[in-house]
Amino acid sequence: MEQRPITNKAVWGNADFLPFYPSLSGDIQADVAVIGAGITGLSTAYHLCKAGKKVVILEQLQVGKGTTGSSTGNLYAPIDERLASILSKHGEETLRKVAQSRMAAIDFIEQRVQEFNIDCEFHRVPWHLFTTPETSNQNSEVEKEMEAATKAGLITHNSPSSSFPFKIDTLVSIEGQAQFNPLKYVQQLANALADRGCQIFENSQVIQVKDGSPCVVRTSQGSVTANDVVVATHSPKGIYGVQTAMEAYREYVLAVELKGELPPPGIYWHVQSGPQYSVRPYRENGKNYLLVLGEPYKVGTKTAHDELLVQLEKYLHAHFDVDNIQFIWAAQNYKAADHLPYIGTSPMERHTYIATGFSADGLTYGTLAGQIISDAISGIDNPWAKIYDPKRFTPLASAKRFAKENMTVAKHLLKDYLFYGEADEINEIQRGEGKTIKIDGDHLAAYRDEEGRLHIVSGICTHMGCVVHWNDGEKSWDCPCHGSRFSVEGKVLEGPAYTDLAKPEEPTSYE
């Protein structure tokens, strides 16, 4: 199949018609400083502003242009790792609370859409988990999920409509889930909060957070002193214990136009022997797209990104009459060891709150985190806070993934340092290539762009010292240990790293 370039722009990437916000300059004070203007940070700010708190939001990029803007806009009570896994790891009571809390988050989004008249294509749709004849060996997965969903208190059925876009072998459906344009939602929510006194600063990369009484959050141009801090950055910035219990994954999304009609609105999860495929239709301004998400890989470990895109294309062509591919982008998520996110304060901090480990369910969990964290700051008992507490102790549910993640980190630290360097000489690196290289004892990461210019940065991740790996699909340097990602110029793109990759003092000497 024809190889297509990765746009790194989601299908709703043009939804930037709202005002831009200034960068932080100088030192200010607030009741609460929120780091990150995605769905988690803005949901938290909504509750806090409503409670009368003075809130400042600091965003490294622009509102919604991080993880939220790269999501696929699906909202549902089930989870990526399946409700059946929660039942087996945590029991029926926790299962019910997970489903209840996630449904409450969907309701919250719908209420804000109505409150602020947000134009984001929000509508209720069914969620489907199914097998087709070629994947019928996975029927038990669907049956287990139906049992778990029923025990969770969700109303299920197993009868596909006449317009269902797949030939079904086994099916479980749940009504009353939802889809929307996530970027439009958060941008308009931010606008509504700004009108109500919330201060929002864009292009304000946080470089330090000091927990205390008060807390201090620093950027390169200023600081915010606050009673509490909320780190709503997908993976918390800095070093946290929960990072040793999470795995960072990325997966590609294709948005295509079909030759025929789109499937009926809905969330379609097609069970496979490996990772499932998630499919949804999207309609906007006369344009119709079908989105497919799948083929996840652990950050920093995949070299042949073309293979992932080819598999997605093959899947689409096998099930739909594809006209053309319009958008290709990637989304990142962090999977918690016991399949539940971490929302609250970590053991070593009293006034700094984190929200992470959402897996591929971040829009709903991020919204829920806003309620849980704002309640904690306001001294309100939240009915769901305990099951998501970062200080929880779940050794039986966490042991397998915890051991796997830490073995992976140890392997990369040992192997990458012992065998550092994919190139012996700079002139070996071809146009469009990125390779690690060791020169005069320096561990370097070098990329030669299509014009022949070299971009050289340190090859050591600024988070915990692992070696970064080249991502040939997105042209970035990715850390396989905890998911930090950097541009070819060394700028932090994603993950727990605070600071950019260092640049050699005399890069021209390596030409």
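In which sense do strand β9 and β10 pair, and over how many bridges? Strand β9 covers residues 215–219, and it pairs with β10 in the antiparallel sense over four bridges. Keep in mind that this is a predicted model.

Start with the link between these two strands. A hairpin joins β9 to β10 through two residues. One of the pairs can be picked out by name: valine 216 has threonine 225 of β10 as its bridge partner.

Now stay with β10 itself. This strand runs over residues 222–231. Is β10 mostly covered or mostly open? The strand is mostly covered, as eight of its 10 residues are buried. β10 also pairs with strand β1, residues 26–35. Here the sense is parallel, and there are nine bridges. Find valine 34, whose bridge partner in β10 is valine 230. Strand β17, residues 352–356, is another partner. Three bridges join β17 to β10, and the two run parallel. Look for valine 231, which stands opposite isoleucine 354 in β17. In a regular strand the side chains alternate between the two faces of the sheet.

Helix α6 takes in residues 305–319, 15 residues in total. From its first C-alpha to its last, α6 reaches 22 Å. That is close to the 21 Å expected at 1.5 Å a residue. Which residues of α6 are buried? They are His305, Leu308, Leu309, Leu312, Glu313, Tyr315 and Leu316. Seen down the axis of α6, these buried residues fall within an arc of 160°, so they line one face of the helix. An α-helix has 3.6 residues a turn, so residues three or four places apart point the same way. What covers the buried residues of α6? The cover includes strands β11 (246–258), β12 (267–270), β13 (277–284) and β14 (287–298). It also includes β15 (322–336) and β21.

The buried residues of α4 are Asn139, Val142, Glu145, Ala148 and Ala149. These pack against helices α2 (83–90) and α3 (92–115). They also pack against strands β4 (123–131), β5 (156–157) and β6 (170–179). After α4 comes glycine 153, which has a positive phi, near 95°.

Two helices also pack together. Helix α1, residues 39–50, meets helix α7, residues 362–378. Their angle is about 35°, and their axes lie 7 Å apart. Which residues of α1 make the contact? They are Ile39, Thr40, Ser43, Thr44, His47 and Leu48. The α7 side includes Gly362, Leu363, Gly366, Ala369, Gly370 and Ile373. The crossing of α1 past α7 is right-handed.

Move on to an open sheet of three strands. Its order is β18-β19-β20, with antiparallel pairing. β18 (433–439) and β20 (454–458) stand at the edges with a single partner strand each, so one side of each is left without a neighbour in the sheet. On average, neighbouring strands of this sheet are turned by 25° against each other, direction ignored. Strand β19, residues 442–448, is joined to β20 by five bridges. Within that pairing, alanine 445 has valine 457 of β20 as its bridge partner.

The last stop is an open sheet of four strands. The order is β21-β22-β23-β24, and the pairing is antiparallel. The edge strands are β21 (469–471) and β24 (492–494), each pairing on one side only. Two bridges join β23, residues 485–486, to β24. Phenylalanine 486 stands opposite valine 492 in β24.

Serine 476 is found in strand β22, residues 476–478. Is serine 476 buried or exposed? Its relative accessible area is 1%. Buried means under 20%, so serine 476 counts as buried. Which residues does it touch, leaving out those up to four places away in sequence? Serine 476 touches His469, Trp470, Asn471, Arg485, Phe486 and Leu493. Serine 476 and valine 492 are 16 residues apart along the chain, and their C-alpha atoms are separated by 9.9 Å.

Technical notes
Residues are numbered from 1 along each chain as its sequence is written. This is a predicted model: local features need pLDDT of at least 70, side-chain atom pairs count only at pLDDT 80 or more; totals for chains, interfaces and linings use all residues. Side-chain values use heavy atoms; hydrogens and water are left out. Two strands pair if DSSP finds at least two bridges between them. The expected span of a helix is 1.5 Å times one less than its number of residues. Buried means under 20% relative accessible area, exposed over 50%, partly exposed in between (1.4 Å probe, protein chains only). The arc is that of the directions from the helix axis to the C-beta atoms. Contact means heavy atoms within 4.5 Å. Axes are lines fitted to C-alpha atoms, for helices over the stretch in contact, and angles run from 0 to 180 degrees between N-to-C directions. A crossing is left-handed if the near helix is turned anticlockwise from the far one by less than a right angle, and right-handed if clockwise.
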